[in-house]
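Here is a short report for someone meeting this structure for the first time. Look through the sequence and the fold, then read on.

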Amino acid sequence: MTEQRTTAAGGMETSFGFRNVDNGEKQPLVDAVFHRVAERYDLMNDLMSGGLHRVWKNAMVAALNPPKRPGWAALDVAGGTGDVAFRIVEASDSNAAVTVLDINGSMLGVGRERARKRGLEGRIDFVEANAEELPFPDESFDAYTIAFGIRNVPRIDRALEEANRVLKVGGRFMCLEFSEVEMPFLDKAYETWSFKAIPPIGKAVTGEAEPYAYLVESIRKFPDQKNFADMIRRAGFERVTWRNYSGGIAALHSGWKL
Ligand SMILES: C[S@@+](CC[C@H](N)C(=O)[O-])C[C@H]1O[C@@H](n2cnc3c(N)ncnc32)[C@H](O)[C@@H]1O
């Protein structure tokens, strides 16, 4: 599980895939991964998940249920190429104002181009920034979403505190992330698929296996459903719940700022 450890020298360590690294070292390594995969990110998402990521994202936005009236604002953190933001705008009948925030300019560049092709530029802002230090005043948004992003953030606790800070009272936090598979046979098949199939597929499609090995390893290091729910509560959220998708391959956590 992802956890912060104090090193002998007094620094803080976290995980980068299966390696332990100093907190300060992780972000540049993560950034390098996403700079390398940005152009093929959407294709690889479909190949790696057999298209399931679309089903999970649709379910996330259905659960969020954005209102079909103006004046409601959502922040999609680690929003990458815009998948969740597009769904929120569409589900709100183009009423929602969505800000996509990501630390990686390459991912945002692909997202901006996709938004332009869909004619959604007017409803979506793209902001390059760190989930650990959101460049917004307190109580700015009605909803905070993050999909397959939080396990990449070095200081998850800090990102969760920031989520709480920028949400309005009554605002909703929703996090979609790979989680712990809770079905006995599925877990073995999923393990084999993840470690034996995904890196070679990545190599065949993009010429590189290493970024995909990181993505798989980082999933294994992420806290299970219950431990992640505890982290969300510690950041100040209430009524924290989760639901599993596809036997726990992914889980959607929800919390409220009350
Ligand atoms: C697996 S992608 C998910 C993209 C998108 N949410 C989706 O579901 O398709 C993870 C994203 O997290 C971003 N990311 C990593 N560390 C971050 C940080 N500290 N702050 C903001 N974004 C970050 C990466 O740049 C990348 O775009």
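Leaving aside neighbours within four places in sequence, with which residues is Leu 120 in contact? Leu 120 is in contact with Phe 86, Val 89 and Ala 115. Here two residues are in contact if their C-beta atoms, placed from the backbone, lie within 7 Å.

## About the model

This is a predicted model, in which local features need pLDDT of at least 70, side-chain atom pairs count only at pLDDT 80 or more, and totals for chains, interfaces and linings use all residues. Residues are numbered from 1 along each chain as its sequence is written.

Leu 120 is found in the loop between helix H5 (105–118) and strand S6 (124–128). Helices (H or I, at least four residues) and strands (E, at least two) are DSSP runs, numbered from the N terminus. Leu 120 counts as partly exposed because it has 17 C-beta neighbours inside 10 Å. A residue is buried if 20 or more other C-beta atoms lie within 10 Å of its own, exposed if 12 or fewer, and partly exposed in between, with C-beta atoms placed from the backbone. Leu 120 and Ser 140 are 20 residues apart in sequence, and their C-alpha atoms are 21 Å apart in space.

Arg 112 is found in helix H5. Arg 112 is partly exposed, with 17 other C-beta atoms within 10 Å. Its C-alpha atom is separated by 22 Å from that of Trp 56, a residue 56 places away along the chain.

## Around the ligand

The ligand is surrounded by 22 residues. The closest are Ala 78, Gly 80, Asn 104, Ala 131 and Ala 147. H1 gives the most, with three residues.

The shell divides into 11 nonpolar, eight polar and three charged residues. Ala, Val, Leu, Ile, Met, Phe, Trp, Tyr, Cys and Pro count as nonpolar, Asp, Glu, Lys and Arg as charged, and the others, Gly among them, as polar.

## The nonpolar core

The largest nonpolar core has 67 residues. Such a core is a set of buried Ala, Val, Leu, Ile, Met, Phe, Trp, Tyr and Cys residues joined through C-beta atoms within 7 Å. Met 60, Ile 88, Val 98 and Tyr 144 have the most contacts inside it. Strand S8 (residues 167–178) brings the largest share of this core, six residues.

Take Met 60. Beyond its neighbours within four places in sequence, Met 60 is in contact with Val 84, Ala 147, Met 174, Leu 176 and Leu 252.

## Helices H2 and H7

Helix H2 (residues 41–49) and helix H7 (residues 184–206) pack at an angle of about 145 degrees, with their axes 10 Å apart. Axes are lines fitted to C-alpha atoms, for helices over the stretch in contact, and angles run from 0 to 180 degrees between N-to-C directions.

From H2, Leu 43, Met 44, Leu 47 and Met 48 meet Ile 198, Ile 201, Gly 202, Val 205 and Thr 206 in H7. The residues of this contact divide into seven nonpolar, two polar and no charged.

## Loop residues

Asn 152 is found in the loop between strand S7 (141–147) and helix H6 (156–166). Asn 152 is buried, with 27 other C-beta atoms within 10 Å. Not counting residues up to four places away in sequence, Asn 152 touches Val 30, Ala 78 and Ser 218. The C-alpha atoms of Asn 152 and Ser 218 are separated by 7.5 Å, although the two are 66 residues apart along the chain.

Most residues other than glycine have a negative phi. Glu 139, in the loop between S6 and S7, has a positive phi of about 55 degrees. Phe 148, in the loop between S7 and H6, also has a positive phi, near 55 degrees. Glu 139 counts as partly exposed, with 14 C-beta neighbours inside 10 Å. Phe 148 counts as buried, with 23.

Note on methods
A residue is near a molecule or strand if its C-beta atom, placed from the backbone, lies within 6 Å of it.
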